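I opened this model to look up its strand pairing and a few backbone angles. My notes follow.

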Amino acid sequence: MNTPLIELKAVKKIFYTEEVESHALSNISLSINRGEYISISGPSGCGKSTLLSILGLLDTASEGEYSLAGKQVANLSKAERAKIRNKEIGFVFQSFNLISDLNVEENVELPLTYRTDLTKAQRKSMVKEALQKVNMNHRSKHFPSQLSGGQQQRVAVARAIAGKPSIILADEPTGNLDTTNATAVMQLLDTLHKEGATICMVTHDPRAAMQTEREIKILDGKITADSQLNLPEAMSA
């Protein structure tokens, strides 16, 4: 069998504040294979965003093991984690996180500028390809303030996929959008998945969760369900 892209074993996350011990995650064991489209759902405060932060190397587990593409990441230095995060993980945030004084093209290119393995010409080509995928190449010189919320999220998705990461992590990607734009972003994620992208999305919206192949439900820092929803065509044939 192929090695899972992501594997967590008995992961815990504990926060300490003024002698109070708070368990955000308790004994989380989870595998994600390449090409999967997964949702992590649950009510506010259940630990799903904490889990996504650990998956994205933005935070570290208090206990347990985490391997990404077969490599243990728990004991890596901050510099090593940042390098892996920049190359292997694409982030899509609820609040878009675009830089207001950079145009669309510059926002998408920014994470690539930290990659020493890319030339300027390669970066420009990757940005152009990513913007074409999200149908925003015609707005490449516009600034975030000149875009609608849905367009800003499309730019954020382009930024996430430009570097061809191993996995896209989306944290409530439709949370700040109206129904029409939310539907468009979910259709975009579905298209990216069909093209081969591995996607892990945190959401409190059951409608969004139902569009993925697999739903992992979390309550009080624990996995309460791990269900297959929409099997890939190759598996269901």
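I began with β4 (residues 63-68), which pairs with β5 in the antiparallel sense over two bridges. Strands here are DSSP E runs of at least two residues and helices are H or I runs of at least four, numbered from the N terminus. Two strands count as paired if DSSP finds at least two bridges between them.

I noted that this is a predicted model, in which local features need pLDDT of at least 70, side-chain atom pairs count only at pLDDT 80 or more, and totals for chains, interfaces and linings use all residues. Residues are numbered from 1 along each chain as its sequence is written, and side-chain values use heavy atoms, with hydrogens and water left out.

I looked up the bridge partner of serine 67 and found glutamine 72, in β5.

I then traced the sheet: it is open, has four strands in the order β2-β1-β4-β5, and the pairing is antiparallel. The edge strands, β2 (20-32) and β5 (71-72), each pair on one side only.

Next I checked helix α1 (residues 48-55), which lies across β1 (6-17), β2 and β4 and runs at about 120° to β1. The angle is between N-to-C directions on a scale from 0 to 180 degrees, with axes fitted to C-alpha atoms, for helices over the stretch in contact; contact means heavy atoms within 4.5 Å.

Asparagine 135 is in the loop between α4 (120-133) and α5 (149-161).

Lysine 164 also went into my notes: its phi is near 50°, a positive value in a residue other than glycine. I placed lysine 164 in the loop between α5 and β7 (167-171).
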